[in-house]
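Me: I would like to learn how to read the features of a model like this one. Please start with how its parts meet.

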Amino acid sequence: MTELPSAPLALHLDSAALKSNWQWLARRSGDARCGAAIKANGYGLGAIEVMRHLKAAGCRDFFVATWREAAALMPHLGDASLSVLHGVRAEDMAFARGCPVRPVLNSVGQVARWKAAGGGPCDLMVDTGMSRLGLDPQDISADLLEGLEIETLLSHLACADEDHPLNAAQCALFHDVAARVPAKRLSLANSAGILLGPDYHFDLTRPGLALYGGVPRPEAAGHLAQVVRPRAQILQRRTVKSGAIVGYGATFRAPDQREVAVLNVGYADGYLRGFSSTGAALADGVRLPVLGRVSMDLLIVDVSQVPSLGEGDWVELDYDLTLAAAQSGLSQYELLTGLGARYERVWR
Ligand SMILES: *Cc1c(COP(=O)(O)O)cnc(C)c1O
């Protein structure tokens, strides 16, 4: 077998930035332990590598959404704790009972299912106002919890990224519920929740976005480092004559002669069409504006300012998460989790 050709697009991933973001969040979590949400393939960066680097930084409490995600991480778990946020469906039970990963039980039905299989170690989610996952506080009784060994009682904040009255209300309700639930640890805060202050920290925090360099609240600006830098190779350089159109829909017409580069990346890689005519690539600090629409596998940028760039050269996409979110209309979460499978993920 001959070797596979290299990928023409790559994510450069900065493990030191990931670790320093976790360390900052751990300090901001005060006396609480700081965990990590690594669902959705570690927010697009690669869950196995993310877990490996965060474990090296000292993180021991990890969260994924599904059992498939947990299964991929199990060989790398070591002494760390892993919880599955979506709990257990009937079809998860055989797998879930046979492994050291805990379900986060979310409903009366899931609690019954876990108890019927013998109960034991689990986490429990209570809904304090988001109306998403979790038990209704009214449904929690000593009877219901009998036979469970609740490691962590969780709830999730709906508006932690804003100064919203629901934050304090959810926090107060979480205190009420916690008084009635025999859990070893309490956990409420996501990334933004950590920055709401010590009242929100309890025993364990669960940041996701901020680990990966996303800015969950203005207080974090300047403290978090960019972890992911998407890069793409130039497939072709060409001259576009004055008056010619560029890309699908002819949304850009060159007002004068331009030099363009066609890059090996597109919306199928998560660089969505919201970046059309607003995004940019970077070459040695020079901004290369996106011209016209993003294609599925291709992107056209203006390289008139950089005569030296040609076929085979690599450029970086400008992926500063807050700026890219403003340019594209995507959330920082979408910018991360949309990063596709065609990128080679290169950690350093
Ligand atoms: C995704 C998730 C988190 C992490 O949220 P961020 O906003 O990314 O910090 C924490 N807790 C739960 C229950 C989640 O689903």
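Reply: Between domain 1 and domain 2, one residue pair is in polar contact, both at pLDDT 80 or more. A polar contact is a pair of N or O atoms within 3.5 Å; within protein, one must be able to donate a hydrogen and the other to accept it, and residues adjacent in sequence count only if both atoms are side-chain atoms. This is a predicted model, in which local features need pLDDT of at least 70 and side-chain atom pairs count only at pLDDT 80 or more, while totals for chains, interfaces and linings use all residues. Residues are numbered from 1 along each chain as its sequence is written, and side-chain values use heavy atoms, with hydrogens and water left out.

Me: How many salt bridges cross the interface of domain 1 and domain 2?

Reply: The rule (a side-chain nitrogen of Lys or Arg within 4 Å of a carboxyl oxygen of Asp or Glu) finds zero there.

Me: What area is buried between domain 1 and domain 2?

Reply: The size of an interface is often given as the accessible area lost when the parts come together. Here the buried area (1.4 Å probe, summed over both parts) is about 960 Å², and carbon and sulfur atoms give 70% of it. Y43, L45 and L209 supply 54% of the area that domain 1 buries against domain 2, more than any other three residues.

Me: Where are the bounds of the two domains?

Reply: The bounds come from an automatic or database domain assignment, which gives 31-212 for domain 1 and 228-347 for domain 2. Their centres, taken over C-alpha atoms, are separated by 38 Å.

Me: In the sheet of seven strands, is the pairing parallel or antiparallel?

Reply: Strands of a sheet pair through backbone hydrogen bonds, either parallel or antiparallel. In this model the pairing is parallel, and the open sheet has the order 3-4-5-6-7-8-9. Strands are DSSP runs (E, at least two residues), numbered from the N terminus, and two of them pair if DSSP finds at least two bridges between them. Strand 3 (36-37) and strand 9 (185-187) are the edge strands, each pairing on one side only.

Definitions and conventions. Helix = DSSP H or I, 4+ residues; strand = E, 2+ residues; numbered from the N terminus. Buried area = accessible area lost by both parts, 1.4 Å probe.
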